[in-house]
Amino acid sequence: MDAEHWDRFGALHTRVEQELAKALQQHHRIGLSEYRALARLAEAEDGELRMQELADLIGLNQSSVSRLASRLEASGLTRRDLCPNDRRGVYSVITDEGRDMQEKARPTYDGALHTALDTAAEDGHLAPLVDMLRS
């Protein structure tokens, strides 16, 4: 029974992720990982996180978050900064432009999430999971 529930959870997760990614790309020309990074940075104290902490928060490995940070920097949405106490430590810092992008994209993210969950709730296999998430 655990495997069946896990498979359904995976199906729900995939379906929702696809809808979120499509909506963010269509309306704001950013990917889901970019949005999540901006959201975590916007919530962080001083708008900055160590790269490894950012990787952990958004579920990416070090190499992937480094490429993501480079794309965000190239777009002017973040910048890198060195840790003053440990020059080896690298931070990703959200810029004003990055905050603006995240604030504009948030309603799209929320709306796509709501719509994707509503659609999934119509599937008899996924409805119990959606109900559990919403309770």
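Helix α2 and helix α3 (residues 51–58) pack at an angle of about 120 degrees, and their axes lie 10 Å apart. Because angles of 65 to 115 degrees count as roughly perpendicular and those over 145 as roughly antiparallel, this angle makes α2 oblique to α3. The crossing of α2 past α3 is right-handed. The model behind these values is a predicted one.

The residues that bring the two helices into contact can be named. On the α2 side they are Ser 33, Arg 36, Ala 37, Arg 40 and Leu 41. On the α3 side they are Leu 54, Leu 57 and Ile 58. Sorted by class, the contact of α2 with α3 has five nonpolar residues, one polar residue and two charged residues.

Aromatic side chains come next. The structure holds two aromatic pairs. One of them joins Tyr 35 and Tyr 109, with 4.7 Å from centre to centre and 20 degrees between the planes. This pair counts as stacked, because planes under 30 degrees apart are classed that way.

Where in the chain do Tyr 35 and Tyr 109 sit? Tyr 35 belongs to helix α2 (residues 32–43), while Tyr 109 belongs to helix α5 (residues 96–121). The two tyrosines are 74 residues apart, and the pair therefore links distant parts of the chain.

Are these two tyrosines buried or exposed? The cut-off for buried is under 20% relative accessible area. Tyr 35 has 3% relative accessibility, so Tyr 35 counts as buried. Tyr 109 has a relative accessible area of 15%, so Tyr 109 is buried too.

Technical notes
Residues are numbered from 1 along each chain as its sequence is written. This is a predicted model: local features need pLDDT of at least 70, side-chain atom pairs count only at pLDDT 80 or more; totals for chains, interfaces and linings use all residues. Side-chain values use heavy atoms; hydrogens and water are left out. Rings of Phe, Tyr and Trp (its six-membered ring) pair if their centres lie within 6.5 Å; planes under 30 degrees apart count as stacked, over 60 as edge-to-face and the rest as tilted. Helices (H or I, at least four residues) and strands (E, at least two) are DSSP runs, numbered from the N terminus. Buried means under 20% relative accessible area, exposed over 50%, partly exposed in between (1.4 Å probe, protein chains only). Axes are lines fitted to C-alpha atoms, for helices over the stretch in contact, and angles run from 0 to 180 degrees between N-to-C directions. Angles under 35 degrees count as roughly parallel, over 145 as roughly antiparallel, 65 to 115 as roughly perpendicular and the rest as oblique. A crossing is left-handed if the near helix is turned anticlockwise from the far one by less than a right angle, and right-handed if clockwise. Contact means heavy atoms within 4.5 Å. Ala, Val, Leu, Ile, Met, Phe, Trp, Tyr, Cys and Pro count as nonpolar, Asp, Glu, Lys and Arg as charged, and the others, Gly among them, as polar.
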